[in-house]
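Hi,

Here is the structure I promised to pass on. Have a look, and my notes on what turned up are below it.

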Amino acid sequence: MAWSEPVATGDAARLKRCAEHTCGWAFWDVSKNRSRRWCSTRVCGNRNKSRAYASRQRRAT
């Protein structure tokens, strides 16, 4: 019953899996343009951004 309402209204696309490969959480994307990627920017987003930064620094040297 709880799942049928978002499916009927088209909001089911707002349920997303966290983009961090070590995280298995799902979250409800409440952003205006549905662009949220991580369940938590403080944790998963920070891990992802830190790895990308370190990778860029290694390539630059």
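Lys16 is partly exposed, with a relative accessible area of 22%. Keep in mind that this is a predicted model. The partner of Lys16 is Asp29: the two form a salt bridge, with 2.9 Å between the closest N and O atoms. That pair ties together distant parts of the chain, since Lys16 sits in strand β1 (residues 15-17) and Asp29 in the loop between β2 (26-28) and α2 (41-60), 13 residues apart. Asp29 has 0% relative accessibility, so it counts as buried, the cut-off being under 20%.

How many salt bridges does a search of the whole structure find? Two. In the other pair, the side chains of Glu20 and Arg51 meet at 2.8 Å, N to O. Glu20 is buried at 0% relative accessible area, while Arg51 is partly exposed at 38%.

Trp28 is partly exposed, with a relative accessible area of 37%. Leaving aside residues up to four places away in sequence, Trp28 touches Pro6, Asp11, Arg14, Leu15 and Arg36. As for Leu15, its C-alpha is 4.7 Å from that of Trp28, although the two are 13 residues apart in sequence.

Cheers

Technical notes
Residues are numbered from 1 along each chain as its sequence is written. This is a predicted model: local features need pLDDT of at least 70, side-chain atom pairs count only at pLDDT 80 or more; totals for chains, interfaces and linings use all residues. Side-chain values use heavy atoms; hydrogens and water are left out. A salt bridge is a side-chain nitrogen of Lys or Arg within 4 Å of a carboxyl oxygen of Asp or Glu. Helices (H or I, at least four residues) and strands (E, at least two) are DSSP runs, numbered from the N terminus. Buried means under 20% relative accessible area, exposed over 50%, partly exposed in between (1.4 Å probe, protein chains only). Contact means heavy atoms within 4.5 Å.
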